[in-house]
Amino acid sequence: MASIRDYNVAEQLSSKLEEIRTKLLDQAMGEVLNGRVTELCQEHRRYMKSVFGTCFKKCKGDETIFDMIKTYKEDLKEKTSLQKEKSAEHLEVVSEIEDKEHHKALLFQRIEKLKKDQAKNRELIQSQNKANKDRLKKLNKCKDIFQKPLSLEIKKIQVIQSQNKANKDRLKKLNKCKDIFQKPLSLEIKKIQGR
């Protein structure tokens with residue numbers, strides 16, 4: 001064997017010791033590192049699984065949200081179309097109401113006009129009735145004055161129209177003669193027999 005004092009041998013020994021030490025350190029470090037790496041790998045796998053689970057849940061949640069958004073958009077389109085239809089119907093109803101209001105206003109104007117006409121006609125009828133009453137009073141006075149001296153009988157008559165053509169012709173001729181006396185008051189004037 002060589003002497004330890006030999007520089008080469010000492011150097012070789014120290015290099016061998018260094019190699020063994022490095023191997024042992026590497027081996028020890030490798031075991032520690034392998035254990036730590038294995039732990040880190042397992043931790044990483046667990047973390048990745050949890051991240052993947054979370055991402056999967058979020059993805060499912062996002063899909064659900066997107067489906068809900070799609071459904072809401074479709075509902076919104078339907079509601080918008082229904083609202084447009086209803087607004088069109090509403091406009092039709094409003095125009096019908098306006099037409100009816102206009103018609104109602106016209107009817108009220110017509111009613112007012114008819115009321116005024118009725119009031120005028122009532123006044124006219126009342127004035128004609130008053131005039132007829134005045135004429136009747138005058139005729140009654142004349143009757144009283146002329147009935148006894150002229151031997152006339154003056155009566156009020158009712159005119160009944162006949163459906164017979166011959167009677168109608170006679171009535172027309174008779175009425176032409178008596179229109180002056182009979183029309184205003186429907187009087188019948190005839191000579192009293194026996195006087």
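Q: Which residues make the nonpolar surface patch of about 380 Å²?
A: This is a predicted model, in which local features need pLDDT of at least 70 and side-chain atom pairs count only at pLDDT 80 or more, while totals for chains, interfaces and linings use all residues. Residues are numbered from 1 along each chain as its sequence is written, and side-chain values use heavy atoms, without hydrogens and water. A patch takes residues with over 30% relative accessible area and no salt bridge, joining like charges within 9 Å and nonpolar side chains (Val, Leu, Ile, Met, Phe, Trp, Tyr) within 5 Å; areas come from the Shrake-Rupley method with a 1.4 Å probe, and for residues only the protein chains shown count as cover. The patch of about 380 Å² is made by Leu13, Leu17, Ile20 and Leu24.

Q: In what order do the elements of the chain run from the N terminus on?
A: Helices (H or I, at least four residues) and strands (E, at least two) are DSSP runs, numbered from the N terminus. The chain has two helices and two strands. From the N terminus on, their order is α-β-α-β.

Q: Where does leucine 24 lie?
A: Leucine 24 is one of the residues in the nonpolar patch. The element that holds leucine 24 is helix 1.

Q: Is lysine 137 buried or exposed?
A: Lysine 137 lies in helix 1, which covers residues 7–150. Buried means under 20% relative accessible area, exposed over 50%, and partly exposed in between (1.4 Å probe, protein chains only). With a relative accessible area of 56%, lysine 137 is exposed.

Q: Which residues gather in a patch of positive charge on the surface?
A: Lys and Arg count as positive and Asp and Glu as negative, while His and the chain ends are not counted. Each charge is placed at NZ of Lys, CZ of Arg, CG of Asp or CD of Glu. The positive patch gathers Lys133, Arg135, Lys137, Lys138 and Lys141.

Q: Which residues form the negative surface patch?
A: One of its members, glutamate 92, is found in helix 1. The patch is formed by Glu85, Glu89, Glu92, Glu96, Glu98, Asp99 and Glu101.

Q: How many disulfides does the structure hold?
A: A disulfide is a pair of cysteine sulfur atoms within 2.5 Å. The sulfur of cysteine 55 has its closest cysteine sulfur in cysteine 59, at 8.6 Å, which is too far for a bond. Cysteine 55 is partly exposed at 45% relative accessibility, and cysteine 59 is partly exposed at 38%. The number of disulfides is zero.

How values were computed. A salt bridge is a side-chain nitrogen of Lys or Arg within 4 Å of a carboxyl oxygen of Asp or Glu.
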